[in-house]
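Trainee: Could we take a close look at the aromatic rings in this one?

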Amino acid sequence: MVGLANSGLRLDATPLDYAILGAYFAVVLGIGIVVRRRVRNSLDFFLSGRSMPAWITGIAFVMANLGAIELIGMTANGAQYGLPTLHYYLIGAIPAMVFLGLVMMPFYYGSKVRSVPEFLRRRFGPGAHLFNALSFTVASLLIAGVNLYALALIVNVLLGWPIAVSIVVAAALVLSYITLGGLTAAIYTEVMQFFVLLAGLVPMTVLALREIGGWQGLVDRIERNPGSSEQLSAWPGTELTGLENPVLSVIGIVFGLGFVLSFGYWTTNFAEVQRAMSAKDMSAAKRTPLIGAYPKILVPVVIVLPGMIAGVLSPELAKLKAGESSDLTYNDALPYLMAELLPTGFLGIAVAGLMASFMAGMAANISSFNTVFTYDLWQDYVVKGREDGYYLSVGRWVTVIGSVLAVGTAFIAAGYSNIMDYIQALASIFNAPLFATFIIGMFWKRMTPAAGWSGLVAGTAAALAVYVASETGVLELPGQGASFLGASLAFVLDALVTVLVTLRTRPKPQEELVGLVYGLGKIPADGSGTDRIAGAPEAAAVEARTVTEGAGGTETEGEGTTGKPSWYRRADVLGVSALVLAALCYVLVG
């Protein structure tokens, strides 16, 4: 990301642009101040009292993913690889989001766990729970740091703010509204940030298309470069995977990205799942990722497409694609378009959109970090059995500590010219093995607690070994092939160790697995009537009060209502429609 330091991309910001930024900061802080009045207990702070409607959580769900990882990384991928970048959205997101909504949310929400690690504790016991809680907190801080660093570098390039100042300002702003309003403030801010982001990206995309001569003009410019034909077709994506054999490349995309990395991220990453857990009932929880799937399908139009345009409009990026030395990196694609195309006023909106994106990404990771640390580490292993107000206070202090640590981890991403290389490496290490443990444990009641933690450890070690081998030059796979390989190996080794250990150890009694394993007990449609949080009676009582009050005493929507729900409230209809739409997109791009 060093290339972002190029001062040639500096924007000529006016007082109007800064006024727009100031107004954005004021609204963000205002949301935190207003929402603070609703935070009465730890469940309000960490899970919004499980009271959010589906459309709010659906937008927040997708916005939590639209941080620096998505905005800078996918624009860079668009400039470097072209249409194969769509795999990260279509096969790399939509099927997993549908699976989460239709299959996994009934388990998460129905069991009333407060986090993904807590589900592991109830399914496998303390071994898998502690390992996952520790690894998740590390991953959350690393990814929060990515968003902070990317924001600081872009603001430094576009507005000339010192990097250190940008990092501290962004971290302080996120810290303020999360500490004040908890997850509720984060979610409402993410909804607002989603529309601010679109207000900046849509005009830029329209201007970029006009500059290049429309889609056909872009195709003509790309085709002028030798060996560029693959950038105009999604398959087989050999440049993206680094595998020269087209068959192996397709297998890598389908299995490594489309199954292991994708399902590992979307179905087990608590930064995403937390938004669905905050929904007001089971129907809203199931529909949260399904509603988010639709903007996820359309987002490439304002992220990948501008990246492709920048790759041919910028002489420096064109030199980079030709294998020549350049003053820019692919991460400069988005700042380049903003500097070249946006007029006064729109600059302020666009920069506010960038800040909204990066702050949403950081907020998602910090809000999930404080939940897991407080509930799954502090309450379960350090200080047990205290009153609810104590854990609310701990959560606020952990938010402060997490934000400070994220400032420290922000500079780790500096060595990557394409930020997605780093992110996919993290996903292969932290998400891929977790998904293997989850999917086997959810459908195989015989799987034992010992297999839960040993499979996680083995899979994580395998992915970490591939990452180290790639970074040290022992394994040479260009593009993101090393991450696909690491994820696949982590999944396979985790599954293998899980099976072998299960066959030699004792499983939990079936009565302890009701509501946690497919086929053992029926989860009520509204998520009620299930076992409450073991070891936290006060939290359970607080949750019961909050859910009742949050629903306002009214009928829950969707499956909880009398009569047949409207089609747009049916999770199955939303899920199948999203899959069909993603398939149609593949037909269009080839």
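Which residue lies over the face of Tyr 390, and at what distance from the ring centre?

Mentor: Happy to walk you through it. This is a predicted model, where local features need pLDDT of at least 70, side-chain atom pairs count only at pLDDT 80 or more, and totals for chains, interfaces and linings use all residues. Residues are numbered from 1 along each chain as its sequence is written, and side-chain values use heavy atoms, leaving out hydrogens and water.

Arg 386 is the one over the face of Tyr 390, 4.1 Å from the ring centre. A charge sits over a ring if NZ of Lys or CZ of Arg is within 6 Å of the ring centre and within 35 degrees of the ring normal. Arg 114 has its charged end over the ring of Tyr 375, at 3.8 Å from the centre.

Now the ring pairs: the structure holds 23 aromatic pairs. Rings of Phe, Tyr and Trp (its six-membered ring) pair if their centres lie within 6.5 Å; planes under 30 degrees apart are stacked, over 60 edge-to-face, and the rest tilted. Phe 259 and Phe 435 pair edge-to-face, with 5.3 Å between centres and 75 degrees between planes. Phe 259 is partly exposed at 28% relative accessibility, while Phe 435 is buried at 1% (buried is under 20% relative accessible area, exposed over 50%, partly exposed in between, with a 1.4 Å probe and protein chains only). Tyr 390 also pairs edge-to-face with Tyr 391, at 5.2 Å centre to centre and 80 degrees between the planes. Tyr 391 is buried, at 2% relative accessible area.

Finally, ring pairs join Phe 99, Phe 255, Phe 259, Phe 263, Phe 435 and Phe 491 into a cluster.
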